[in-house]
Amino acid sequence: MRLTSLHLREIRMPLKEPFRISSGVQTLRRILLVAATDEVGRVGWGECTAGEEPNYSSETTDTAWLAIREWVAPRLLGREIAGPAEVLPLLEQNFRGHSMAKAAVEVAFWDLEAQRLGVSLARLIGQGRGEIRTEIEGGISLGIQASPQALAQKAAACLARGYGKIKIKIGPGEDLEYVAAVREALGPEAPLMVDANNAYGRADFARLAALDAFGLLMIEQPLACDDLLRHAELQKRLRTPICLDESITSLDRAEDMVTLDAGRIVNIKVGRVGGIASALAIHDFCRSRGVPVWCGGMLESGIGRAVNVALAALPGFTIPGDISPSERYWQRDLVAPEWTMDARGRIRVPLQAPGLGLAVDLDRIEDLTARAERLAAG
Ligand code: OSB
Ligand code: MG
């Protein structure tokens with residue numbers, strides 16, 4: 001396959017409600033979309049998961065735009081490429097970081113390949129990996145709220161709505177009381193977890209150990225993203241499994257996590273690990289080691305969500321992901337049909353239509369576009 005052009009667009013989509021985590025708040029998403037055209041005129045889509053500010057990782061919408069224009073596109077445009085699995089190796093040579101920028105374009109190659117073969121993305125990536133799911137369980141990630149009571153009310157409503165997992169964001173001072181209130185509201189059996197987004201340090205180990213009392217499925221990324229050793233120390237003191245998110249930037253880091261026992265569950269995000277090929281490698285490794293994985297979210301539009309749904313259909317994704325229907329985030333999404341979740345909390349995996357399995361609403365994208373740039377083979 002050969003790319004003839006890459007069309008970058010920044011679209012602006014207000015979230016229905018602000019999303020606050022320990023490291024910052026998001027209200028308006030500035031999403032970078034990539035449309036890649038191949039030599040026969042097919043168009044593949046990719047969504048960059050970088051945020052507006054460098055609080056989750058060092059990447060942002062603006063740094064990703066720069067990285068794609070200056071370094072990603074020149075390596076790929078006009079070049080004959082055997083398949084989507086060849087893209088990341090080309091992008092990794094003497095090109096550090098910028099995983100979300102790389103992934104946005106890599107994903108478009110997978111969409112193009114699936115279209116070329118006439119199969120859904122889920123089937124393409126599921127090939128040789130056993131039975132893929134026809135539906136996945138939805139999960140929700142709730143931002144930090146004004147009070148424990150407000151959060152507990154929201155969480156209870158989500159459980160009643162059918163979500164298969166409730167995740168709540170925590171940070172120092174906004175933790176034990178919040179978790180206690182939510183556990184009380186949901187009952188002892190409800191699938192509940194917390195995500196700290198790097199907010200704690202060694203001085204907080206006792207406080208984190210107190211979370212053991214709440215029967216949580218896991219504690220996600222309590223410590224700094226580059227600190228596997230202290231995660232291992234903490235895991236020794238916890239009964240609750242640690243799940244790593246920000247720390248897992250590659251297959252190597254997942255292997256390190258297992259070697260060091262720095263965590264026992266992995267949150268896989270395509271953007272953070274540099275694309276689908278890397279996500280698949282992490283999935284395969286974790287599955288071979290009996291380490292459960294689940295698919296994280298980055299407040300994606302319907303395009304990025306399609307990738308998450310396809311990934312979550314793989315057999316190693318044994319825990320519901322942070323995958324919610326379109327209506328949880330947006331007044332109106334930019335795909336048709338929008339992503340829906342039934343009363344049992346199930347989201348259907350599109351397996352019939354080739355590629356992402358849905359129509360991208362170009363008029364809607366045009367309306368939301370704040371800037372655009374076309375990059376063509378030189
Ligand atoms: O840490 O998982 C996270 C959103 C933005 C940045 C980081 C995270 C999240 C989520 C969102 O938890 C989950 C979703 O997309 O619904
Ligand atoms: Mg997280």
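Glu220 counts as buried because its relative accessibility is 0%, where buried means under 20% relative accessible area, exposed over 50% and partly exposed in between (1.4 Å probe, protein chains only). Asp245, also at 0% relative accessibility, counts as buried. Both residues coordinate the magnesium ion (ligand 2). This is a predicted model, in which local features need pLDDT of at least 70, side-chain atom pairs count only at pLDDT 80 or more, and totals for chains, interfaces and linings use all residues. Residues are numbered from 1 along each chain as its sequence is written, chains are lettered from A and ligands numbered from 1 in the order in which they are written, and side-chain values use heavy atoms, with hydrogens and water left out.

**Magnesium site**

- The donors to the magnesium ion (ligand 2) come from Asp195 (OD), Glu220 (OE) and Asp245 (OD), at 2.1 to 2.3 Å; donors are N, O and S atoms within 2.8 Å of the metal (3.2 Å for Na, K and Ca), and water is not among the atoms, so sites may look incomplete.
- Along the sequence, these donor residues follow the spacing D-x24-E-x24-D.
- Glu220 in strand 8 (residues 219-220) and Asp245 in the loop between strand 9 (242-244) and helix 9 (251-260) are 25 residues apart, a pair that links distant parts of the chain. Helices (H or I, at least four residues) and strands (E, at least two) are DSSP runs, numbered from the N terminus.

**Ligand 1**

- Ser141, Lys169, Asn197, Leu299 and Tyr329 come nearest among the 16 residues around ligand 1, counted when a heavy atom lies within 4 Å.
- A polar side-chain atom of Asp245 is 3.2 Å from an oxygen atom of ligand 1.
- A polar backbone atom of Leu299 lies 2.9 Å from an oxygen atom of ligand 1.
- Taken alone, ligand 1 exposes 390 Å², and the protein buries 99% of that (Shrake-Rupley method, 1.4 Å probe).

**Helix 12**

- Helix 12 (residues 302-312) is mostly covered, with eleven of its eleven residues buried.
- Among these buried residues are Arg305 and Asn308.

**Backbone geometry**

- Most residues other than glycine have a negative phi, and most peptide bonds are trans.
- Gln221, in the loop between strand 8 and helix 8 (228-237), has a positive phi near 40°; at 0% relative accessibility, Gln221 counts as buried.
- Asn198 has a positive phi near 75° and lies in the loop between strand 7 (192-195) and helix 7 (205-209); its 23% relative accessibility makes Asn198 partly exposed.
- Ala336 and Pro337 are joined by a cis peptide bond with omega about -5°.

Technical notes:
A polar contact is a pair of N or O atoms within 3.5 Å; within protein, one must be able to donate a hydrogen and the other to accept it, and residues adjacent in sequence count only if both atoms are side-chain atoms.
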